[in-house]
Amino acid sequence: MHALLIALASTVIVNAQVADGTGAPLRTANVRITDDRIAAVGNFKPARGEEVIDAKGLVLAPGFIDIHNHSEEGLGRDPLATTQIAQGITTLLLGADGGSPWPIGSWLDERRRTPAAVNLAVTVGHATVRSQVMKEDFRRVARPTEVAAMAKLVEQGMSEGAIGLSSGLEYDVASYSSTDEMVAVASAAAKHGGFYMTHVRDEADRSFEALQEAIAIGQRARIPVQHSHIKLGTVSVWGKAAEYVGVIEEARRNGLDMLADCYPYDAWYSTIKVLVPDKQYESPESVKAALAAVGGAGNVTIASFPANKRYEQQTIEQLAQSEHVDVIEMFVRIIREGNAANDDALIIAKSMTDADIELFYKQPWVMVASDGGIDSQHPRGAGTFPRVLGRFVRQKHWLTLP
Ligand SMILES: [Zn+2]
């Protein structure tokens with residue numbers, strides 16, 4: 001093994017079009033890699049004994065950083081991380097959406113003992129420390145002593161190697177936290193030079209309020225903010241990307257260090273029941289509102305439904321037409337058939353408009369992220385970066401390749 005490593009210690013990639021990661025135009029250059037470092041970029045000749053890889057006709061770039069990745073558990077099973085590496089990702093940031101491994105230190109030790117094929121970093125999850133402190137009694141505002149205990153755990157995670165704090169304020173455990181609680185835990189991360197990465201409290205009708213809260217937390221805790229998977233997810237906010245970008249631009253002008261990421265898909269994948277926030281799945285009013293929020297029954301496709309396979313790959317609108325019922329009745333029928341089989345339909349529903357995604361991607365402070373990871377069931381788990389390069393760069397010309 002050792003002899004092999006020495007033999008391959010120096011590699012030169014020749015004839016590549018180099019995109020160096022700064023946004024500079026492509027240029028033809030050779031790149032030398034010695035051990036695990038880039039040692040030279042330029043027009044030099046390979047030395048004798050060096051391995052040479054001819055990259056004529058190909059573009060060579062630094063590996064991609066996926067700032068929102070959910071491979072915490074997958075890495076143990078699949079340390080080669082093929083689905084990630086094949087997208088060009090070489091660094092994963094784990095612990096997103098408020099949920100992280102715990103304790104951070106021993107988890108990082110385990111990763112060092114069985115290193116994966118990717119570099120990785122981790123954030124402390126706010127919901128993770130909130131659960132440590134409040135246990136099952138989390139459906140309320142935390143007391144000052146509990147907030148102090150959470151902040152202490154965030155400091156512990158930071159000193160054990162985390163690079164920031166993540167939150168998922170739309171999810172159960174964190175949804176009961178006040179803005180003051182978030183300022184306290186973010187301040188703890190700021191003390192150790194961390195940043196605050198957030199899945200904001202709402203990505204639908206109340207997106208703008210949620211954005212204002214994220215900005216306020218950053219300003220009050222004096223911490224850089226990273227807005228996870230920036231999104232405008234329902235009809236009432238579709239088309240408002242320019243306004244949303246404007247709010248962030250203003251915060252940046254006022255001195256807040258704020259960035260965001262965006263995944264390149266306009267649809268989500270989950271059970272049919274998540275469409276109905278008030279859980280009144282057979283109430284005509286609730287179903288009507290739920291379908292309207294995603295732009296109508298034509299935007300909801302039954303992806304998988306073992307209880308009635310005939311419905312699969314059709315939208316609720318198409319099914320209603322062929323069954324000669326209205327879309328609400330069709331929806332209720334799918335719910336009832338799912339209940340009878342104890343197996344709800346899995347759907348793909350529209351979450352964003354193309355125009356909003358395009359505008360987000362064009363901001364220099366928005367980066368690509370997958371929100372996927374090893375074993376993800378959404379195509380973003382294996383397709384995020386190729387989709388950006390293929391569709392958004394080569395086909396639609398939203399961005400240049402560099
Ligand atoms: Zn999220």
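Is Ala81 buried or exposed? Ala81 is buried, because its relative accessible area is 0% (buried means under 20% relative accessible area, exposed over 50%, partly exposed in between, with a 1.4 Å probe and protein chains only). Keep in mind that this is a predicted model, where local features need pLDDT of at least 70, side-chain atom pairs count only at pLDDT 80 or more, and totals for chains, interfaces and linings use all residues. Residues are numbered from 1 along each chain as its sequence is written, and side-chain values use heavy atoms, with hydrogens and water left out.

**Around Ala81**
- You will find Ala81 in the loop between helix 2 (74-77) and helix 3 (82-85); helices (H or I, at least four residues) and strands (E, at least two) are DSSP runs, numbered from the N terminus.
- Setting aside neighbours within four places in sequence, Ala81 is in contact with Leu75, Val118 and Ile374 (contact means heavy atoms within 4.5 Å).

**The zinc site**
- Asp97 (OD), Asp97 (OD), His199 (ND1) and His229 (NE2) coordinate the zinc ion at 2.0 to 2.7 Å; donors are N, O and S atoms within 2.8 Å of the metal (3.2 Å for Na, K and Ca), and water is not among the atoms, so sites may look incomplete.
- The arrangement is irregular because the 4 donor atoms subtend angles of 52 to 136° around the zinc ion (four donors count as tetrahedral if all angles lie between 85 and 135 degrees; four count as square planar and six as octahedral if opposite donors are over 155 degrees apart and all others between 65 and 115; anything else is irregular).
- His199 counts as buried at 3% relative accessibility, and His229 is buried with a relative accessible area of 2%.

**Asp371**
- Asp371 sits in the loop between strand 17 (366-368) and helix 15 (380-395), and counts as buried at 10% relative accessibility.
- Beyond neighbours within four places in sequence, the contacts of Asp371 include Asp97 and His229.

- The axes of helix 12 (residues 316-323) and helix 13 (residues 327-341) come within 9 Å and cross at roughly 100°; axes are lines fitted to C-alpha atoms, for helices over the stretch in contact, and angles run from 0 to 180 degrees between N-to-C directions.
- That makes helix 12 roughly perpendicular to helix 13 (angles under 35 degrees count as roughly parallel, over 145 as roughly antiparallel, 65 to 115 as roughly perpendicular and the rest as oblique).
- Among the residues that meet are Ile316 and Leu319 in helix 12, and Met330 and Phe331 in helix 13.
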